[in-house]
Amino acid sequence: MKEQTVRDGYRIAKERYASYGIDTDKVLKQMQDFHLSMHCWQADDVAGFESSGELTGGIQATGNYPGKARNIDELRQDILKAKSLIPGTHRLNLHEIYGDFGGKPVDRDKVTPEYFQSWIEWGKENNTPLDFNSTSFSHPKSGNLSLSNPDKGIRDFWIEHTKRCRWIAEEMGKAQNDPCILNIWVHDGCKDVSVNHFKYRRWLKESLDEIFATNYDNMKDCIEGKVFGIGLESFTVGSHDFYTAYAAKNGKILTIDTGHYHPTESPADKVSAVLNFVPELMLHVSRPIRWDSDHVTIMDDATQELFSEIVRADALNRVHYGLDYFDGSINRIGAYVIGSRAAQKCMVKALLEPSALMGRYELEGKGFQILALMEEMKSMPWHAVYDMFCLENDVPVGDDFIKDVEKYEAVTTSQRG
């Protein structure tokens, strides 16, 4: 798109939004502080560098589009390519299985910060702070239960693994002078009818208590619930009720994954509810289709409502923004770019909403006026503001990124065996 066309469109949008008291220049500045935590596992379908085995433990990736990253160098190359097509500056979210192990077998209860030193250096070189995740799936000791396993030896193994992940996150945060967000999600559950629910949850609570016994200054803990895992459909130990209660009682960050709720539930409605009781929120934004299918994020109603609720709650500084999908059925770099830009567009629209005016209307009982204003906002030229955001960050505007992705595929990913 021509630069002058973008600037002309922005000028018109600026005037129209000003009539509602919205400063689009301010919104552009706010967007520069909107940092997504890009998920490393989109580039290789959650394979990691620990082994070549299949995914197990309540998790599954679908699709076999050619060209996925096969090693740490290709993964980093793909991430940097995707970042070059997304406006703004962003973080990278790593799972423990993506350590720089150098081809050596390193079991998960033996992992140390040294295996992530090259990632720390890479992050500094590429202005990309790191976030982190423990990894309980796809391991001989994963089974159906990890931190809630009746076998104390297995519980202790995963407790030690998670303790070490917190240590690694602390070293990452210290090195980058920016707290590393550590997310804990375990797949624990039962395939069919079960009766020991209280025992499993008591073991999970005790495991978490032991894991969190050490306090750190340069990392933040998140805990993430789920409705069910693949092959564990009947019962989930770490349910939303469990983790919401634990986070509220212990001052932990609660992770809201948009794919981890029942289809009729609204993740957006959780924002105002839980922020009254927990210090911060972590988002994992994906697109569930009937279940936690991890489709690429798009500008659907659910995502827009989520970001609008954050702005309306004046919670921009209390929420961390991550992506979590792993679609292997399409070009993976394209998936990164589409999902990241969709999240950004939803935030732009949310910031451009005259929420103060609508809030006043509501308190005055002016329901007609609120509905009318909301409908008008749907056709306002928010896209012109996002186009200017792209232009100011020297990335392709509109669908111009498509040809960049196609060229990268022709030259790079298509050459991978």
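What share of the contacts in the protein chain with a separation of 6 or more comes from residues 24 or more positions apart? I looked this up before anything else. The share is 80%, with contact taken as heavy atoms within 4.5 Å.

**Basis.** I am working from a predicted model, in which local features need pLDDT of at least 70 and side-chain atom pairs count only at pLDDT 80 or more, while totals for chains, interfaces and linings use all residues. Residues are numbered from 1 along each chain as its sequence is written, and side-chain values use heavy atoms, with hydrogens and water left out.

**Overall fold.** I find 14 helices and 10 strands in the protein chain; these are DSSP runs numbered from the N terminus, helices being H or I of at least four residues and strands E of at least two. The radius of gyration of the protein chain is 22 Å, close to the 22 Å from the globule rule for 417 residues, so the chain is as compact as a globular protein of that length. That radius is taken over C-alpha atoms, and the rule is 2.2 Å times the number of residues to the power 0.38. The C-alpha trace spans about 65 × 55 × 40 Å along its principal axes. Of the 417 residues, 54% count as buried (under 20% relative accessible area; exposed is over 50%, partly exposed in between; 1.4 Å probe, protein chains only).

**Cysteines.** I looked for disulfides (a pair of cysteine sulfur atoms within 2.5 Å) and the structure holds zero. For Cys165, the nearest cysteine sulfur is that of Cys180, 10 Å away. Cys165 counts as buried because its relative accessibility is 0%. Cys222 is in no disulfide either, and its nearest cysteine sulfur, again that of Cys180, is 9.5 Å away. Cys222 is also buried, with a relative accessible area of 0%.

**Cavities.** I searched the whole structure and got two cavities of 30 Å³ or more. A cavity here is a set of points on a 1 Å grid over the protein atoms alone where a 1.4 Å probe fits but cannot get out, and lining residues have an atom within 4 Å of a point. Grid points are joined across faces, edges and corners, and a volume is the space filled by probe spheres set on the points.

The largest cavity holds about 60 Å³ of space. Its lining has 13 residues, with Pro66, Gly67, Arg332, Ile333 and Thr413 nearest the centre. By class I note five nonpolar, three polar and five charged residues (Ala, Val, Leu, Ile, Met, Phe, Trp, Tyr, Cys and Pro are nonpolar; Asp, Glu, Lys and Arg charged; the others, Gly among them, polar).

The second largest cavity holds about 30 Å³. Ser134, Ser136, Ser146, Leu147, Trp158, His161, Thr162 and Val186 line this cavity, giving three nonpolar, five polar and no charged residues.

**Thr162.** I followed up this lining residue. Thr162 lies in helix α5, residues 152-176, and is buried at 2% relative accessible area. Leaving out residues up to four places away in sequence, Thr162 touches Ser134, Leu147, Ile184 and Ile211.

**Phe101.** Phe101 sits between β2 (91-95) and α4 (117-125) and is buried, with a relative accessible area of 4%. Not counting residues up to four places away in sequence, Phe101 touches Phe49, Glu50, Glu96, Val106, Val111 and Tyr115. From Phe101 to Thr112 I read 11 residues in sequence and 10 Å in space, C-alpha to C-alpha.

Conventions: 1 Å grid on protein atoms, 1.4 Å probe; cavity = no way out; pocket = protein on both sides within 12 Å on 5 of 7 lines; lining within 4 Å.
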